[in-house]
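Please read this briefing alongside the sequence and the 3D view.

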Amino acid sequence: MPISAQFNRPFPEQVTFFRNKLNLPTTRSRQITRDQNDAAFVVAGATKADLLADLRGAVDDAISNGQSLGEFRTQFEEIVSKRGWTGWTGEDTKAGRAWRTRLIYKTNLDTSYAAGRWAQMTDPDVVRLRPYWRYVHNTIENPRQQHQRWNNLVLRADDPWWQAHFPPNGFGCNCGVETLNERGLKRLGKDGPDAAPNDGTYEHVDNTTGEVVTVPNGVQPGWDYAPGQTATERAIAARLNRLDSVDASIARQNVAQLVEAPLFNRVMNGEVGGEFPVAVVPAAEPERQVFDGESPVVLLSQEARQANPEISVNDYRRIQEVLDDGEIYQQSDLSRLVYLIVDGSTYRAELRREAEAGSYYVTLFKSETDTPPADAVRLR
C-alpha cells in the first residue's frame with residue numbers, strides 16, 4: 001500500500017519516533033544529513049525556537065491526527081505570518097510556497113512512517129516469524145527507474161543492503177518494504193532470498209560546503225540511510241541500561257531477543273561499536289557460587305570481536321547454551337573458563353570480571369580439541 005494511503009492512520013511507533021526528536025535550528029538545507037535526522041527536527045532556515053516549535057506542532061498534527069497537506073499549508077501560513085518569518089526558500093511565488101510546504105510535510109511524514117515501520121519490522125518476534133523483507137515500488141507518476149528495478153527484491157531483514165536502501169530513497173519516494181515468511185517467499189516464486197544488487201555508486205558535491213560524498217546509485221544524496229535505525233538502537237541501549245535492575249529470568253529473555261535481532265549482525269560486522277549483552281550467567285547453585293558479580297549480564301566487547309574474527313555470529317549466539325550446559329572451571333577469583341562440545345567442535349568461553357566492574361566480559365574460541373589448564377579448578 002502506498003505510504004500516502006497510510007497518513008490518516010498513524011501508529012504508535014511513527015508518532016513516538018517523531019516526538020522523540022529535538023528541535024534544532026538550521027541556517028540552510030542539508031546542514032543535518034542522513035541518520036542525524038533521526039534525532040533532530042529541522043526546517044532549513046528556521047533558527048528561532050518559537051518558530052521551530054510552532055512548525056513542529058503543525059507537523060505533529062499532520063502525523064498524529066492525519067491532517068491533509070492542505071490543512072498543513074493553512075497552519076504553515078498562519079505560523080509564518082505570526083512569527084514574521086521571511087527570506088525562506090520558496091517564499092516569493094505561489095508555486096514556491098506550494099513546493100516548500102509539500103517538502104516539509106511529505107519528508108517528515110515519509111521518514112516518520114518509515115522509522116515506525118523499521119521499529120515494528122525489527123522487533124525480534126517479527127523477525128523470527130517473518131525474516132524476509134520485500135522492496136515495494138509504489139510511485140505511479142514519474143517513477144524512478146532504479147526503484148522500479150528493485151520492486152519485488154527480497155532480502156533477509158539483516159542484509160546490509162537495507163542500511164543504505166531502506167525507503168524512502170529520495171524526496172517524494174513512495175516506495176515501501178513489507179515483511180514475508182517462508183510461504184510469502186514461495187508465493188513470489190522464490191526458493192530463497194535474492195542476492196543483494198550491486199548498482200554502483202556516484203559522487204555528489206555539496207554546492208555550499210564543497211564536501212564530496214559517495215552515494216549508491218538510485219538514492220538521492222542524504223537519503224542513503226534507514227530512517228529510524230539509530231532511534232531503534234538508542235531505544236535498545238536504554239533497554240540495556242535496565243537489565244541489571246530486573247529479575248534474572250526477565251534479563252535472559254531480553255538478552256536472547258537482542259542476540260537474535262538483526263542489530264546483532266551489525267554489531268558483529270563492526271557497524272555498531274561498544275559493548276553488547278550476549279548472555280546471562282546461570283543462577284547460583286546451592287553448594288557453591290559459580291559466578292559472582294554485581295550484574296548477571298555477560299558482555300561482548302568490541303576488542304573481543306576484533307580479536308577473533310573467525311568466530312561467526314551464529315557461534316556467538318551459542319554463548320548462553322555454552323554457559324548453561326558447559327563444564328565451568330575457575331582460574332582466578334575474577335575469571336572462569338567454560339567448555340562445551342557442540343557438533344564435534346569444542347567451544348571455550350573465557351569470562352573475566354574486572355575488580356571494579358559488575359558484569360562479566362566474554363571471549364569465545366572454537367576448535368576441534370581443547371582441554372582445560374591443569375591448574376584450573378572445576379566448579380561444575
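**Overall picture**

The model is a predicted one, and the protein in it contains 14 helices and 14 strands. Of its 380 residues, 47% count as buried. When contacts between residues at least 6 apart in sequence are taken together, 62% of them join residues at least 24 apart.

**Packing of helices α2 and α3**

- Helix α2 (residues 49-65) and helix α3 (residues 69-83) have axes that come within 10 Å and cross at roughly 170°.
- Since angles over 145 degrees count as roughly antiparallel, α2 and α3 are therefore described as roughly antiparallel to each other.
- On the α2 side the contact is made by Asp50, Leu51, Asp54, Leu55, Ala58, Val59 and Asp61, which meet Phe72, Gln75, Phe76, Ile79, Lys82 and Arg83 of α3.
- By residue class, the contact of α2 with α3 comprises seven nonpolar, one polar and five charged residues.

- Three strands, in the order β4-β3-β5, make up an open sheet in which the pairing is antiparallel.
- The edge positions are taken by β4 (154-156) and β5 (176-180), each of which has a single partner strand, so one side of each is left without a neighbour in the sheet.
- From one strand to the next, the twist averages 35°.
- Strand β3 (residues 132-136) and β5 run antiparallel and are joined by five bridges; Arg134 has Glu178 in β5 as its bridge partner.
- Helix α4 (residues 94-121) packs on this sheet, where it touches β3 and β5, and the direction of α4 makes about 15° with that of β5.

**Other antiparallel pairs and hairpins**

- Strand β6 (residues 201-205) is joined by five bridges to strand β7 (residues 212-216), the two running antiparallel, and Glu203 stands opposite Thr214 in β7.
- The hairpin of β6 and β7 has six residues between the strands, and in this hairpin Gly210 takes a positive phi near 80°.
- Strand β10 (residues 327-332) pairs with strand β11 (residues 335-342) in the antiparallel sense over five bridges, with Glu327 standing opposite Tyr339 in β11.
- These two strands, β10 and β11, form a hairpin with two residues between them.
- Two bridges also join β10 to strand β14 (residues 377-378), again with the strands running antiparallel, and here Gln330 stands opposite Val377 in β14.

**Backbone geometry in the loops**

- The peptide bond from Pro167 to Pro168 is cis, its omega being near 10°, and Pro168 is found in the loop between α7 (162-165) and β5.
- Asn152, although not a glycine, has a positive phi of about 70°; this residue lies in the loop between α6 (145-150) and β4.
- With a relative accessibility of 29%, Asn152 counts as partly exposed.
- Asp343, likewise a residue other than glycine, has a positive phi near 50°, and its place is in the loop between β11 and β12 (345-352).
- At 71% relative accessibility, Asp343 counts as exposed.

Terms used: Residues numbered from 1 in each chain as written. Predicted model: local features only at pLDDT ≥ 70, side-chain atom pairs only at ≥ 80, totals over all residues. Heavy atoms only, no water. Axes fitted to C-alpha atoms, helices over the stretch in contact; angles between N-to-C directions. Helix = DSSP H or I, 4+ residues; strand = E, 2+ residues; numbered from the N terminus. Parallel < 35°, antiparallel > 145°, perpendicular 65-115°, else oblique. Contact = heavy atoms within 4.5 Å. Nonpolar A, V, L, I, M, F, W, Y, C, P; charged D, E, K, R; others polar. Pairing = 2+ DSSP bridges. Buried < 20%, exposed > 50% of the residue type's maximum accessible area, 1.4 Å probe, protein only.
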